[in-house]
Every structure is written in structure tokens, then in C-alpha cells.
Amino acid sequence: MAVGRIRELWRSLEPRGQFTIAGIGLLVVATFYFLFQFASTQSYTTLVAGVDANRVGQMTKALDAAGVTYRIASGGTEIDVASAQTSKANIALAAKGLTTGGQVGMEIFDKTSFAMTDFQQKVNYQRAVGGEIARAIEQIDGITSANVQLVLPDDTLFVDQGPKASAAVLLTTTGSLDPSTVSGIAHLVAAAIKGLDTASVTITDATGALLWPNPSQTGGLTATSKLAAEQIYAARLGAQIASMLDLTIGPGKALARVQADLNVDQTTLDRITYAKKGTPITTQTQQETLQSKGGGTVAPTGSSTKTPAYSATSAGTNSSSNYENQTGSTSFGVDRTIQKTTVAPGAVNRLSVALLIDSSVPKAEVASLRKSAASLAGIVPSRGDTLSVSTMEFAKPAAAVKSADAGGPGGLMANPLGLAKGALLGLASIVFLFFMSRLLKRREREGVAAEPTWLREISRAVPVGELGAGRVQRELNTAATTRQAELKAEAGEIARQQPEQVAVQVGQWLKE
């Protein structure tokens with residue numbers, strides 16, 4: 001019954017209405033089809049990146065064996081897997097030992113051989129230590145692979161005379177590494193090797209650029225870092241001056257530009273200072289005493305002698321002496337002070353500041369601004385610093401352009417793909433609503449109940465009051481009777497001329 005009603009409704013519609021319904025149906029089906037295609041599109045997640053082709057082949061074999069859906073990107077160095085199968089892919093690679101970056105660790109000693117020489121043992125130990133360090137480095141965010149080469153010297157009797165341990169690390173990264181991260185890697189390697197210092201660790205990236213030791217440890221900065229330091233210093237100082245000018249005379253009335261020349265050489269000063277007066281260190285004293293007593297002296301015959309005495313008292317022929325000698329010496333040390341100072345880079349060699357002020361600012365204020373800017377920038381004329389101030393008429397700001405016509409970052413053209421999708425969706429909605437409104441309006445114009453036959457057969461204008469009169473009704477009945485008689489006559493004629501076809505049709509009706 002429902003199918004029959006649908007057929008009757010379809011036949012009762014005009015061709016235009018049938019075309020409208022068919023178009024709406026096709027539009028709905030197309031919309032659902034595209035939505036289904038978009039929802040069923042497989043989303044992928046990057047599993048590994050920056051891997052060599054040989055290793056990619058090993059990983060793809062493991063993924064094929066595990067039934068994981070994947071695709072290869074970035075010229076064969078990246079593997080993307082279906083987002084829903086990421087865990088399964090990681091397990092498949094771990095089962096094949098492909099998640100450690102191809103490094104050999106301490107598992108190399110799981111199987112030992114009695115025929116292995118001491119040299120082979122040392123080589124395996126060096127490989128194992130380097131592999132374990134590389135695995136630890138690969139766990140850091142931003143590092144896809146690491147290769148560690150170690151130089152482990154043999155132990156000698158005199159440690160100071162033996163060679164030093166060293167390490168070389170090659171990193172493959174997804175982007176630039178922070179200096180603190182590079183320093184952490186260097187300390188990680190140095191802490192894992194006995195007798196290895198961070199100064200003996202060399203770290204480079206895949207492009208061959210030296211990451212460690214960095215320029216600050218080697219005693220200076222490179223030309224690139226010097227330029228970057230000068231630009232940062234000049235930008236910050238210029239921003240401070242511009243902010244002061246904007247707060248003083250208003251925004252858009254002054255410009256400030258700064259050019260700085262910095263001394264980025266790291267130097268060490270050794271200074272020795274001597275005191276003007278020495279400091280006593282040792283004192284030595286020596287004392288000598290001599291005392292003597294004697295009787296009278298008898299002079300030889302024929303001679304006369306006078307004997308002197310140092311300290312004597314004479315009483316007749318008796319005499320005595322008393323001798324005392326005292327000496328001393330003092331050793332003085334030189335008072336000195338040794339001072340070692342490391343001068344950090346960043347001193348200003350020369351500073352140039354340029355101010356451009358709108359001519360609408362009074363001259364008295366310009367002079368005050370000049371002094372304030374010189375004080376803020378720390379201008380030292382003896383050092384060669386310069387400060388120039390110029391006044392000119394600034395251009396008037398242009399009228400703001402509407403975002404719809406700008407087409408800039410904030411305009412409608414910021415996301416062309418999103419704009420196209422929105423436009424198509426809006427157009428489809430408008431078309432759908434247009435055809436639906438036309439269909440509804442056409443259905444409203446149609447009567448709720450079936451139109452009476454006598455109303456369709458009125459061939460002339462009849463007042464509404466006469467529609468129910470007997471005369472009009474009799475005329476309509478007569479016309480209907482005449483029409484039925486004509487139809488019966490035509491049916492009888494058809495039955496006489498084509499009796500077989502009429503019988504088949506009657507049988508078909510009886511079956512229904």
C-alpha cells in the first residue's frame with residue numbers, strides 16, 4: 001500500500017516537481033557520500049623519521065609481518081602508521097630489536113665464547129658502552145638517532161702520563177637543540193666513561209655543525225653569535241627608548257634606532273700587586289761577652305812596655321777587663337697580592353642612537369627628550385658614542401582597511417581551504433533550502449482533499465451561490481452520464497476488436 005501511495009504521489013506531481021525531488025535526493029546522497037569518505041579516510045601518525053633506507057627496509061618487513069598499515073614519506077626516511085595501530089607497530093619493531101636505533105648494548109655479552117681473545121673482549125666492551133650511551137641519548141625529545149664513538153685508553157702505571165679518554169657523538173635531530181640540552185648530553189657522556197672530561201667530548205649534528213664544545217667554552221663567540229648578540233642588545237635598548245618616547249609625547253610621534261658594537265672576546269687578567277713596606281719574617285740576634293782578671297806585669301829588663309786595657313781598674317800592679325759584643329739581623333719578605341679575573345664578553349665598544357621625532361613636537365621638548373635618551377642609552381662621548389636627533393613631519397596614518405577586503409593574516413584569505421569549504425557548504429545549504437521552499441509552496445497550493453469531479457467539469461463562470469442549485473447539479477449529472485456512456489461505448493468497441501488483450505487484462509486485475 002505504501003508503495004502504491006508513493007507511486008500515486010509521484011504521478012500526481014508535475015515534471016518540475018519530480019525533477020526537484022530527484023535533485024534534492026541526489027544532493028543528499030552526494031553529501032552523505034563525501035561525509036563518509038572524509039570520516040573513513042585513514043589518519044596516520046609518524047612512527048620514525050630521519051632513518052636510513054636500509055633500516056627503513058628492515059622496519060617495513062617487521063610491519064608487514066605484523067599486519068600494520070603504513071606508508072613511507074620524506075623520500076624513504078620516514079614511516080607513518082595508522083593512528084589506531086601505533087601501539088601494535090611499536091611492539092612489532094621492539095620484537096625485532098629495531099627500536100634501539102641499531103645500537104649494540106650490553107646484550108652482546110649474553111653469549112660468550114671461550115675462544116674470544118682479550119682484544120675482542122675490549123672491543124665488545126667499547127661497543128656495548130657506546131651503544132648504551134647512544135640508547136640513552138635517543139630517549140631525549142628531538143633526537144631521532146645517535147652514534148657514539150669512544151676512545152678508551154689502556155690503564156698504565158702512571159696515570160698522568162697515559163692517554164686521555166675521549167668521545168665523539170653524531171646526532172640526527174628533528175630540529176635545532178637547545179644549548180642546555182647539548183650541555184646535558186655532553187655531561188651524560190662524560191659521566192658514563194671513567195676518566196672522561198666534558199672538554200674531551202665532541203658533539204656534531206647531521207649537517208656537520210659543531211654543537212659541543214660551544215663557543216662560550218672555547219673562549220669567545222663566533223661571528224654569527226656576535227651579530228646576534230649585537231642585534232638583541234640594540235633591539236632591547238631601542239625598545240626601551242621608544243617606549244619612553246611613546247609615553248612622553250604619545251604613540252606614533254617618534255622612532256628610535258640603535259646600533260651597538262659589542263666586545264665579545266672573553267679575556268683573563270692576571271694582576272700582581274706588591275706592598276710598599278716589607279713584612280718581617282725572621283730575626284736573628286748574636287751576643288758575645290769576655291771578662292778577665294790578671295796580676296802585676298813585669299817588664300823585661302831593658303824594655304818599657306805599655307799594655308792597653310778595654311775596661312780595667314788598676315790598683316797597684318793588679319788589672320781586670322770586661323768585653324761585650326751584640327749583633328742582630330732581620331729578614332724581610334715582599335708583600336704581594338696575585339689576582340686572576342675573567343672578563344665576561346659583552347662590553348660596549350661603541351653605541352650609535354638615532355631619534356626621529358615628529359615636527360609637531362615643540363623644540364623645548366625635543367631638547368629634553370635628547371637628554372633623557374642619552375641618559376637611558378648610557379651615551380659616553382669619550383668612547384665614541386653618538387646620539388643624533390632629527391625632526392620631520394610624519395605621514396598621516398592611512399584609514400583602516402576592512403578585514404574582509406584586506407586579505408592579510410587577519411582577513412578572510414588567511415585560510416583559503418577553510419573559506420572554500422565554508423562557501424561550498426553554504427551554497428549547498430542555500431540550494432537545498434530553495435528547492436525545499438518551492439516544493440512546500442507547491443504542496444500548499446494543492447488542495448487537502450481530492451477535487452470533486454463536477455468542479456473540474458465546470459466549463460463556464462458560475463456564481464458561487466448557484467453551485468448548489470439543482471439546475472447546475474442536474475447539468476453536471478447529465479454531462480457525467482453522457483461521459484460515462486461514451487466511455488462504455490469505447491470500451492465495448494475495444495472488447496470487440498481486441499478480445500484477447502481484454503481477457504488478459506481482466507485476468508491480471510483479478511490476480512491483483
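Me: Which residue in E3 does Ile72 stand opposite?
Reply: Ile72 stands opposite Ile79. Keep in mind that this is a predicted model.

Me: How many bridges join E2 to E3, and do the strands run parallel or antiparallel?
Reply: Four bridges join E2, residues 70–73, to E3, residues 78–82, and the two run antiparallel.

Me: What do E2 and E3 form, and which residue in the turn has a positive phi?
Reply: They form a hairpin with four residues between the strands. Ser74 sits in the turn with a positive phi of about 55°.

Me: OK, helices. At what angle do H3 and H4 pack?
Reply: H3 (residues 53–66) and H4 (residues 86–95) pack at about 120°, and their axes are 9 Å apart. The two helices are therefore oblique to each other.

Me: Is that crossing left-handed or right-handed?
Reply: H3 passes H4 in a right-handed crossing.

Me: Which residues meet there?
Reply: From H3, Met59, Ala62, Leu63 and Ala66; from H4, Lys88, Ala89, Ala92 and Leu93. By class that contact has seven nonpolar residues, no polar ones and one charged.

Me: Now the sheet with E4 in it. What order do the strands take?
Reply: The order is E4-E5-E6-E7, an open sheet of four strands with mixed pairing. E4 (143–151) and E7 (210–212) are the edge strands, and each pairs on one side only. Neighbouring strands are turned by 25° against each other on average, ignoring direction.

Me: Which helix packs on the sheet and touches E4 and E5?
Reply: That is H5, residues 118–138. The direction of H5 makes about 150° with that of E4.

Me: And where does H6 lie?
Reply: H6, residues 179–192, lies across E4, E5, E6 and E7. H6 runs at about 135° to E6.

Me: How many bridges pair E4 and E5?
Reply: Eight, in the antiparallel sense, with E5 covering residues 166–173.

Me: What holds paired strands together, in general?
Reply: Strands of a sheet pair through backbone hydrogen bonds, either parallel or antiparallel.

Me: Where is Lys164, and is Lys164 buried or exposed?
Reply: Lys164 is in the loop between E4 and E5. The relative accessibility of Lys164 is 56%, so this lysine counts as exposed, the cut-off being over 50%.

Me: How far apart are Lys164 and Gly195?
Reply: They are 31 residues apart in sequence, and 7.3 Å apart in space from C-alpha to C-alpha.

Me: Different spot. What kind of peptide bond joins Trp212 and Pro213?
Reply: A cis one, with omega about 0°. Pro213 is in the loop between E7 and H7 (223–249).

Me: What about the sheet with E8, what is the strand order?
Reply: E8-E13-E14, an open sheet of three strands, also with mixed pairing. E8 (254–263) and E14 (386–392) each have a single partner strand, so one side of each has no neighbour in the sheet. On average, neighbouring strands here are turned by 10° against each other, direction ignored.

Me: Do E13 and E14 run parallel or antiparallel?
Reply: E13 (residues 347–358) and E14 run parallel, joined by seven bridges.

Me: Which helix lies across E13 and E14?
Reply: H8, residues 363–377, running at about 150° to E14.

Me: Last one. How many helices and strands are in the protein?
Reply: There are 13 helices and 14 strands. Of the 512 residues, 18% are buried.

Definitions and conventions: Residues numbered from 1 in each chain as written. Predicted model: local features only at pLDDT ≥ 70, side-chain atom pairs only at ≥ 80, totals over all residues. Heavy atoms only, no water. Axes fitted to C-alpha atoms, helices over the stretch in contact; angles between N-to-C directions. Parallel < 35°, antiparallel > 145°, perpendicular 65-115°, else oblique. Left-handed = near helix turned anticlockwise from the far one by under 90°. Contact = heavy atoms within 4.5 Å. Nonpolar A, V, L, I, M, F, W, Y, C, P; charged D, E, K, R; others polar. Pairing = 2+ DSSP bridges. Buried < 20%, exposed > 50% of the residue type's maximum accessible area, 1.4 Å probe, protein only.
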